[in-house]
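Subject: Handing over a structure, with notes

Dear colleague,

I am passing a structure on to you, and below it you will find what I have noted so far. Please read the notes with the structure open beside them.

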Amino acid sequence: MILHVNDLHKSYGSREVLRGVDLDVQAGSLTAVLGLSGCGKTTLLRVIAGFERAERGSVSLAGRTLDDGHTYVPPEKRGIGYVPQEGALFPHLSVEANVAFGLPRRERAGSTVPDLLEMVGIGQLGRRLPHQLSGGEQQRVALARALARRPLALLLDEPFSSLDASMRSHVRDEVHALLREQGVTTVLVTHDQEEALSLADTVAVLRDGLIVQQGPPAELYQLPADRELAGFLGAVNVIDAEFRGSTARTRLGELALRDGGAASGSGLVMVRPEQIEVSAREHMPGQAAAYGMPGEVQECRYYGHDALLQIRPEGSDGAGILLARVLGEHALPAGTPVTVVARGPVSVLG
Amino acid sequence: MSSYAPAQHGSGRWSQIWSGRRRWPLVSVAGGLIAAGLVLLPLAFLVIEAQRSGWSEVQRLLFRHTVAVLLWNTVALTAACTVLCAILGVGAAWCVERTTLRGKRFWAVLLVLPLGIPDFVVGFGWVSLDHSLHGYFAAVLVMTLSLYPLVYLPVATSLRGLDGSLHEAARSLGVGPWGTFFRVTLRQIRPALLGGCLLVTLGLLAEYGAFEIVQYQTFTVRIFTEFKLGFDTVSACSLALVLVALSVAALIGELALNGRGRLWRSGPGARRAAPRVQLGRWSVAVIAALALLCALALGVPLGALLYWMIRGSSTTLPSSSILGALASTAEFSAAAAALATLLAVPVATLSIRHRNRLTVLIERLAYLPMALPGLVVALGLVSFSVRYALALYQSSLELIVAYAILFLPLAVVGVRAAMSQAPSNLEDVARSLGCSPAAAWRRITLPLIAPGLAAAFAFVFISSATELTATLLLRPTGVNTLATKFWEYTSNFAYGAAAPYAALMVAISAVPAYMLSRRVGVLSDRGGAP
């Protein structure tokens with residue numbers, strides 16, 4: 001555990017922004033703090049960096065207390081690198097001078113800066129000024145500048161949100177590979193659940209100033225702490241269930257509970273759209289399907305690689321619509337009669 | 001395969017010494033409070049001095065027949081000039097920006113240049129050519145010709161940025177061209193027009209020299225006489241309080257009128273340039289009118305200066321005293337510009353980076369001198385120094401402080417604009433890269449705001465170099481600036497000797513006037529073809 005945040009409180013005036021945040025970051029890992037705008041994630045980052053002081057609770061890095069109400073280590077003494085949104089390059093300095101900014105004087109002229117620029121893949125741009133760079137290039141310079149001081153931890157505040165969509169995934173992959181290769185402990189703040197799930201080793205979800213859940217991406221996706229989080233991480237079907245041991249009896253049939261989970265009585269289970277299998281059938285009114293639940297495609301959203309189908313159960317007046325994700329080539333037009341089957345274990349929703 | 005080895009970073013003990021709580025900007029707050037205190041100082045001592053003999057005496061002094069006459073003179077003049085400036089300013093701006101007039105950039109520069117001639121030099125120009133010119137008519141003429149660019153500039157800028165689609169919408173709804181002008185165009189330029197009129201009004205209330213030259217009694221002239229000739233500070237300060245009240249009333253009036261206008265801002269996004277009016281047969285008349293305006297506002301004062309310089313050089317050689325006056329002018333103005341810029345930095349920092357009730361108040365106080373005539377500030381400082389700090393009375397320092405207070409708003413505007421280009425997160429990043437707060441400011445913010453500091457310095461320098469009223473009251477004995485030397489010669493009707501001093505002042509202040517006009521010119525380049 002290299003970075004440890006314990007019971008952190010912070011408010012602006014009467015507005016409580018952080019209400020007891022606990023966060024643990026493993027050495028060399030990439031942790032994403034995921035939350036909607038205004039949930040306090042930037043404030044959390046700023047307290048860790050030392051730009052704001054904690055009101056209660058503590059922040060420690062590699063066993064050293066940075067802020068606990070008595071001790072306060074100023075940002076320049078923390079050894080934490082910080083990359084704000086849009087990079088925040090110093091506009092009056094060249095790329096080289098930006099990267100060299102935090103280095104001791106004797107290292108500024110050596111091979112350190114060219115090496116760093118090479119590392120982030122923009123070796124030839126050293127003499128440019130920030131406004132002559134594209135958004136992605138600016139991000140790389142900001143990253144090189146923060147890494148130049150070999151920080152114990154690196155904080156990235158929505159680093160990719162200012163890039164346009166075509167560029168974003170490319171820069172994201174490169175930065176990810178670089179951070180992996182360097183093995184630098186990173187905390188990344190984002191509002192994009194896809195970004196968090198695809199990049200991070202650990203995702204911590206921040207909501208209303210509290211960490212709702214922290215864990216590996218797959219765990220969060222499959223076993224979300226509550227219904228709201230389940231929906232935030234991706235489309236979801238919430239279905240009534242009667243529990244019996246490790247199975248749930250639902251209108252989609254008898255479904256196994258994930259990880260041998262057991263419950264009793266009645267409640268809700270979560271079925272992701274990609275767990276629902278759809279097949280077209282000949283339209284034979286009145287005849288019960290031999291296998292699965294009969295229904296009809298009400299709407300089809302086609303995304304190319306896949307498609308999201310809204311399926312209305314047969315005999316329903318519009319209630320109990322199911323979402324199903326199918327491969328793009330298996331998309332079905334609205335009005336197609338289908339049979340629906342749920343696959344794989346499902347999770348109980350709290 | 002971790003090739004990454006974190007470096008050693010500062011130990012906890014060192015950092016604990018730096019016991020900064022939440023970054024409360026102590027230095028900025030202290031600087032801001034000093035600036036606010038300096039602005040309030042002359043006002044406070046004006047009040048203290050006025051009621052030295054009790055409030056009943058103040059009442060007796062204010063409820064006199066003379067005060068009613070002064071009030072009428074001042075208000076009648078202000079009303080007439082403001083209306084005329086509004087008509088001239090809007091008319092000229094409309095002709096240049098909204099019609100197919102040729103040589104727009106030429107006119108844009110020429111129409112703004114009168115700003116570069118101090119008002120008392122315009123007055124000198126007219127009166128030196130025609131001694132019979134005095135009283136109300138002369139005052140209205142001189143002040144209108146001096147001040148109309150204050151309306152022209154903002155209105156021209158606003159007309160430039162006019163959204164053509166609103167114009168088209170009005171026309172498509174069946175409103176004719178004149179109706180569209182009054183119901184749409186005029187509404188859109190209203191904030192600019194009101195802002196310009198406010199500046200004209202404040203300029204009129206503060207003016208002293210031009211009124212003295214055309215022998216028209218306003219509050220400033222009377223206050224000056226009571227103080228300088230009658231040595232009656234109580235009476236002078238009481239009258240000065242009325243002057244401050246008039247200025248504040250003008251400020252509040254503009255705020256009230258503009259309150260609704262401010263809602264009238266269209267969102268960002270691509271705008272269509274409004275169509276230009278075809279002048280056709282009217283173009284000759286428009287060109288003649290603009291030429292006449294420029295001839296009166298620019299040609300007469302400059303022509304008079306030239307005439308007296310040529311005539312004067314044959315009789316009296318410009319003595320070495322012009323160099324002495326130039327040197328002391330430069331010295332005082334540079335010191336004042338440095339002080340005002342220094343005070344503007346914390347005010348701008350607070351207002352942009354730490355907005356709260358206290359800092360907003362500090363910022364408003366820093367703008368207050370816009371409504372404080374030079375005479376008022378000078379009187380307040382005299383009252384303060386004579387009673388409480390005699391060593392300061394008529395010292396260079398007092399004059400420099402007076403300039404700095406008077407032109408603090410200019411400095412704040414300049415620094416504020418630059419400060420908004422230096423967001424505080426850049427300093428945050430610098431901190432995370434190992435800079436102390438002071439080093440982060442020096443290495444990041446200072447270089448970024450340097451152009452703004454230079455602009456602020458230049459504007460305060462130029463305004464101080466042409467300041468007359470406060471200088472007459474506060475200058476150290478035996479020291480002359482360009483303005484006071486000019487004034488001395490003019491008062492003795494030595495026009496030939498006075499002219500070179502005025503020419504130097506015009507040369508100094510023509511630079512910013514030209515820059516301002518060019519800025520409008522740049523805007524018109526961006527506006528696209530007619």
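A residue is called buried here if 20 or more other C-beta atoms lie within 10 Å of its own. By that criterion B:Leu482, B:Ala483, B:Lys485, B:Phe486, B:Trp487, B:Tyr489 and B:Thr490 are buried in helix α24 of chain B, and this helix, which runs over residues 482-491, is mostly covered, with 7 of its 10 residues buried. After α24(B) comes B:Phe493, which has a positive phi, near 60°. Please bear in mind throughout that this is a predicted model.

Chain B as a whole

The secondary structure of chain B consists of 25 helices and 0 strands, and of its 530 residues 48% count as buried. If one takes the contacts in chain B between residues at least 6 apart in sequence, 83% of them join residues that are at least 24 apart.

The domain assignment divides chain B into domain 1, made up of 49-264 + 276-302 + 514-525, and domain 2, which covers 317-493. The C-alpha centres of these two domains of chain B are 24 Å apart, and 23 residues of domain 1 of chain B are in contact with 14 residues of domain 2 of chain B. On the side of domain 1 of chain B that touches domain 2 of chain B, the elements giving two or more residues are α6 (119-129), α11 (190-206), α12 (209-213), α13 (219-228) and α14 (233-261) of chain B. The largest share of that side, 9 residues, is supplied by α14(B). Sorted by class, the side of domain 1 of chain B that touches domain 2 of chain B has 18 nonpolar, 4 polar and 1 charged residues.

Helix α18 (residues 374-388) of chain B packs with helix α19 (residues 396-406) of chain B at an angle of about 140°, and their axes are 10 Å apart. That angle makes α18(B) oblique to α19(B), and the crossing in which α18(B) passes α19(B) is right-handed. From α18(B) the contact involves B:Gly374, B:Val377, B:Ala378, B:Leu381 and B:Ser385, and from α19(B) it involves B:Glu398, B:Val401, B:Ala402, B:Ile405 and B:Leu406. By class, this contact of α18(B) with α19(B) has 7 nonpolar, 2 polar and 1 charged residues.

The loop between α18 and α19 of chain B contains B:Gln394, a residue other than glycine whose phi is positive, near 55°. As a general point, most residues other than glycine have a negative phi. B:Gln394 counts as partly exposed, because it has 17 C-beta neighbours inside 10 Å.

Chain A: domains and a helix pair

For chain A the domain assignment gives domain 1 (3-227) and domain 2 (235-350), and the centres of these two domains of chain A, taken over C-alpha atoms, are separated by 40 Å. Here 5 residues of domain 1 of chain A are in contact with 5 residues of domain 2 of chain A, and those on the side of domain 1 of chain A divide into 2 nonpolar, 1 polar and 2 charged.

Helix α5 (residues 135-147) and helix α6 (residues 165-182), both of chain A, pack at an angle of about 20° with their axes 10 Å apart, and α5(A) and α6(A) are therefore roughly parallel to each other. The crossing of α5(A) past α6(A) is right-handed. In this contact A:Gly135, A:Gly136, A:Gln139 and A:Leu143 of α5(A) meet A:Met167, A:Val171 and A:Val175 of α6(A), which by class comes to 4 nonpolar, 3 polar and no charged residues.

Chain A: a loop with two residues to look at

Both remaining residues belong to the loop between β6 and α2 of chain A, where A:Ala88 and A:Ser94 are found. A:Ala88 is not a glycine, yet it has a positive phi of about 50°, and it counts as buried because it has 22 C-beta neighbours inside 10 Å. A:Ser94 counts as partly exposed, since 18 C-beta neighbours lie inside 10 Å. Leaving aside residues up to four places away in sequence, A:Ser94 touches A:Gly126, A:Arg127, A:Arg128 and A:Leu129. A:Ser94 and A:Gln132 are 38 residues apart in sequence, while their C-alpha atoms are 9.8 Å apart in space.

With best wishes

Note on methods:
Residues numbered from 1 in each chain as written. Chains lettered and ligands numbered in written order. Predicted model: local features only at pLDDT ≥ 70, side-chain atom pairs only at ≥ 80, totals over all residues. Axes fitted to C-alpha atoms, helices over the stretch in contact; angles between N-to-C directions. Helix = DSSP H or I, 4+ residues; strand = E, 2+ residues; numbered from the N terminus. Parallel < 35°, antiparallel > 145°, perpendicular 65-115°, else oblique. Left-handed = near helix turned anticlockwise from the far one by under 90°. Contact = placed C-beta atoms within 7 Å. Nonpolar A, V, L, I, M, F, W, Y, C, P; charged D, E, K, R; others polar. Domains from an automatic or database assignment. Buried ≥ 20, exposed ≤ 12 C-beta atoms within 10 Å, placed from the backbone.
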